[in-house]
Amino acid sequence: MGDLGEELASAYVLIACEGGAEDAIVRMLLDEGAFCFDKSRLIGVTRLRKASDIERQYLGYEYDLPVALLYVTDSLRSRFALSPLYRDTCTVYRICTRPEIEMLIIINEGRYDDFVRSRMKPSVYCKQKLGMRDVKRPEEVRRYWTAAKLRAAIAEYGRLHHFEKGELSFAQIVR
């Protein structure tokens, strides 16, 4: 966690989830107190995606600490930029779930080595080898996971995954 964990621990946190599966995972982890920041510092969780909407709804207030926005997306290349008015008071961290959600399932099922040998995309592996077609539907996420299994899979993913420079995932913000 290192520097990011320290930054989040001394800020108010807003989480913007791009998709329903990400939202379900975030809420499950929040309920368990699994993040590296105190839940009392949470401003909110939203599915808003446009910076202007987030600014209007959440950032137009005076906070006594810096604000950290965790933008949870499934793309390393997603664009998200705050207007100049908020760039000094709110730091944006893109938490990428590419292909983390599918990989978490593969890890949880104890099939990581088989997955690597298969050379399949994680989504294809989940469908063809595990018979799981809707792994990114929020109701499927809530049905499949317990918080303990989710935390363990995230930790293992952090150990196994080769992160690109600057890439952040749940592994860096879950304890």
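**Briefing: salt bridges, sheet and a buried helix**

Arg143 and Glu140 sit three residues apart in helix α7 (residues 138-144), which puts about one helical turn between them. An α-helix has 3.6 residues a turn, so residues three or four places apart point the same way. Helices (H or I, at least four residues) and strands (E, at least two) are DSSP runs, numbered from the N terminus. This is a predicted model: local features need pLDDT of at least 70, side-chain atom pairs count only at pLDDT 80 or more, and totals for chains, interfaces and linings use all residues. Residues are numbered from 1 along each chain as its sequence is written, and side-chain values use heavy atoms, with hydrogens and water left out.

**Salt bridges**

- Side chains of opposite charge can pair when their charged atoms come close.
- The whole structure holds ten salt bridges, each a side-chain nitrogen of Lys or Arg within 4 Å of a carboxyl oxygen of Asp or Glu.
- One of them joins Glu167 and Arg98, at 3.3 Å from N to O. Glu167 is in the segment after α8 (147-160) and Arg98 is in the loop between β4 (90-96) and α4 (100-108), so this pair ties together parts that are 69 residues apart in sequence.
- Glu167 is buried at 7% relative accessible area, while Arg98 is partly exposed at 29%. Buried means under 20% relative accessible area, exposed means over 50%, and partly exposed lies in between (1.4 Å probe, protein chains only).
- Asp114 and Arg111 also form a salt bridge, at 3.5 Å from N to O. Asp114 is partly exposed at 25% relative accessibility, and Arg111 is partly exposed at 27%.
- Arg143 and Glu140 bring their closest N and O atoms to 2.4 Å in a salt bridge. Arg143 is exposed at 55% relative accessibility, whereas Glu140 is partly exposed at 22%.
- Shared partners link Arg98, Glu164 and Glu167 into one salt-bridge network.

**The sheet**

- Four strands make an open sheet with parallel pairing, ordered β2-β1-β3-β4. Its edge strands are β2 (42-46) and β4, each of which pairs on one side only.
- Neighbouring strands are turned against each other by 15° on average, direction ignored. Axes are lines fitted to C-alpha atoms, for helices over the stretch in contact, and angles run from 0 to 180 degrees between N-to-C directions.
- Strand β1 (residues 12-17) runs parallel to β2 and is joined to it by four bridges. Two strands pair if DSSP finds at least two bridges between them.
- Ile15 has Val45 as its bridge partner in β2.
- Helix α3 (residues 51-59) lies across β1, β2, β3 (67-73) and β4, at about 145° to β1.

**Glu18, a buried charge**

- Glu18 belongs to the loop between β1 and α2 (20-31).
- Glu18 is buried but has no salt bridge; Arg49, the nearest side chain of opposite charge, is 4.6 Å away. Here Lys and Arg count as positive and Asp and Glu as negative, while His and the chain ends are not counted.
- The side chains of Glu18 and Thr73 make a polar contact at 2.9 Å. Such a contact is a pair of N or O atoms within 3.5 Å; within protein, one must be able to donate a hydrogen and the other to accept it, and residues adjacent in sequence count only if both atoms are side-chain atoms.
- Beyond its neighbours within four places in sequence, Glu18 is in contact (heavy atoms within 4.5 Å) with Arg47, Arg49, Tyr71, Val72, Thr73 and Asp74.

**Helix α4**

- Eight of the nine residues of α4 are buried, so the rest of the structure largely encloses this helix.
- The buried set is Glu100, Ile101, Glu102, Met103, Leu104, Ile105, Ile106 and Ile107.
- The cover over these residues includes α2, β4, α5, α6, α7 and α8.

**Backbone and placement**

- Most residues other than glycine have a negative phi, and most peptide bonds are trans.
- Arg119 is not a glycine, yet its phi is positive, at about 60°. Arg119 lies in the loop between α5 (112-118) and α6 (122-128) and is exposed at 77% relative accessibility.
- Ser123 lies in helix α6 and is partly exposed at 26% relative accessible area. Ser123 and Leu65 are 58 residues apart in sequence and 40 Å apart in space, C-alpha to C-alpha.
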